[in-house]
Amino acid sequence: KDSYVVTLLPGDGIGPEITAATKIVLEALCEKCGFTLELREALIGGAAIDAANDPFPQESLDQCLNSDSVLLACIGGYKWDNNPRDLRPESGLLKMRKEMGLFANLRPAKVLPQLLDASTLKREVVEGVDVMVVRELTGDVYFGTPKGIDIIDGQRVGYNNMIYSESEIDRIARVAGDVASKRGSKLCSVDKANVLDVSQLWRDVVTDVINKDFPSVELSHMYVDNAAMQLIRWPKQFDTIVCGNIFGDILSDEASMLVGSLGMLPSASIGESGPGVFEPCHGSAPDIAGQDKANPLAMILSAAMMLQYDLDRAEEAKMLEDAVEAVLDQKLRTPDIKQDNDGCKLVGCREMGEAVASVIMAMEEIKV
Ligand code: NAD
Ligand code: IPM
Ligand code: MN
């Protein structure tokens, strides 16, 4: 196959800017490698609320489901923060993940040698770090019921339900076991089993699955509070981490600072079958939106994960990753990864995208 349909979801805030930069890169890659990506845009998030009064319209869902893959930028913004829950951008993102069955979210935090000083942590702590967070994505307190804000005994009470079924834990444990066995074969399951019943079940099921079906994977368990600390103290002790939805959300943002910026962290959201959604870990960064300051590399690296996981184009994925390293070797830096007196050139989002595209155009052609 040499032609693919990809749904592109630019979303909100810096979304349109990083999407434009990523498009330039993908167009260069297609030209270089002789395949076609038909990029079809669709609405999600605040943009969809404004246009269709729905954060993830049925039309967008249909379009995603009828694609080979989906590439998402980011959603959200102050403008919609006081909307009712079902009319918030975040609800659209969650609906997309749920309806598309994307229960596994792979969030790699791999420290690049060019960015050793971009982290706020010491060099010796971050050098060589390569952690994969496998985050469950369609369960947990994000989707549990009952939920709401009610009046109880004359005051407002807010509640959500942290809940996992055995089958939900089983399937994410299998993804994590598989991912770990293809990496360093070390899996750390993160939970709060000392306090939460839902975590005790999590620990029991993960232990069963890994011991029974992934005997070559070395499994350990860690409480989430300790894991948050250990990730900063000595991140090289981790290879693959598996955790529930909310712990994974928090730990992956934390892991981004090992790499140096949230603007560098890609992710892959995948299910049992059908197209995946490839999305940076970061949000819409409203504080820098519209200023050409955003780092597009997280989205460009997410496109690399799309080529690898959904389009079966591992070589092209590698070309993208190499091109990203090459622009860092050229000492180009967006503000989030720029240090004082580092001898690097400060560039905007667009220039960063264009630089990645020109590196690709100058690369050796892949022989078919
Ligand atoms: P955020 O990830 O948008 O931003 C956190 C910080 O990181 C900000 O200082 C921002 O400027 C910076 N940052 C993020 N991405 C960057 C990039 N590519 N380049 C340079 N700097 C970058 O998180 P937030 O501020 O807590 O949330 C803002 C909005 O985004 C909220 O509406 C939130 O719900 C939403 N959000 C969406 C997603 C998503 O679309 N997947 C993820 C997280 C947050
Ligand atoms: C992420 C975001 C989302 C999440 C929000 C915006 C719903 O933080 O993709 O990490 O919590 O999953
Ligand atoms: Mn998050």
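Of the 368 residues in the protein chain of this predicted model, 48% are classed as buried. The chain contains 12 helices and 14 strands. Its radius of gyration is 20 Å, close to the 21 Å given by the globule rule for 368 residues, so the protein chain is as compact as a globular protein of that length. Taken along the principal axes, the box filled by the C-alpha atoms is roughly 65 × 50 × 45 Å.

An open sheet of 10 strands is present, with mixed pairing. The order of its strands is β2-β1-β3-β12-β11-β4-β5-β10-β8-β9.

Helix α7 (residues 197–213) touches β8 (186–191), β9 and β10. The direction of α7 makes about 165 degrees with that of β8. Helix α10 (residues 297–309) also packs on the sheet, where it touches β3 (69–74), β11 (268–270) and β12 (277–278). For α10, the angle of about 165 degrees is formed with the direction of β3.

The surroundings of two ligands were also examined. Ligand 1 is surrounded by 21 residues, of which G76, G263, H282, G283 and N295 are the closest. The shell around ligand 1 comprises 10 nonpolar, 7 polar and 4 charged residues.

The residues around ligand 2 are G76, E90, L93, L94, D249, C281 and G283. By class, the shell of ligand 2 has 3 nonpolar, 2 polar and 2 charged residues. Helix α4 (residues 89–99) makes the greatest contribution to this shell, with 3 residues. G76 and G283 are listed among the residues closest to ligand 1, and both also belong to the set that surrounds ligand 2.

Technical notes
Residues numbered from 1 in each chain as written. Chains lettered and ligands numbered in written order. Predicted model: local features only at pLDDT ≥ 70, side-chain atom pairs only at ≥ 80, totals over all residues. Pairing = 2+ DSSP bridges. Helix = DSSP H or I, 4+ residues; strand = E, 2+ residues; numbered from the N terminus. Contact = placed C-beta atoms within 7 Å. Axes fitted to C-alpha atoms, helices over the stretch in contact; angles between N-to-C directions. Near = placed C-beta within 6 Å. Nonpolar A, V, L, I, M, F, W, Y, C, P; charged D, E, K, R; others polar. Rg over C-alpha atoms; globule rule 2.2 N^0.38 Å. Buried ≥ 20, exposed ≤ 12 C-beta atoms within 10 Å, placed from the backbone.
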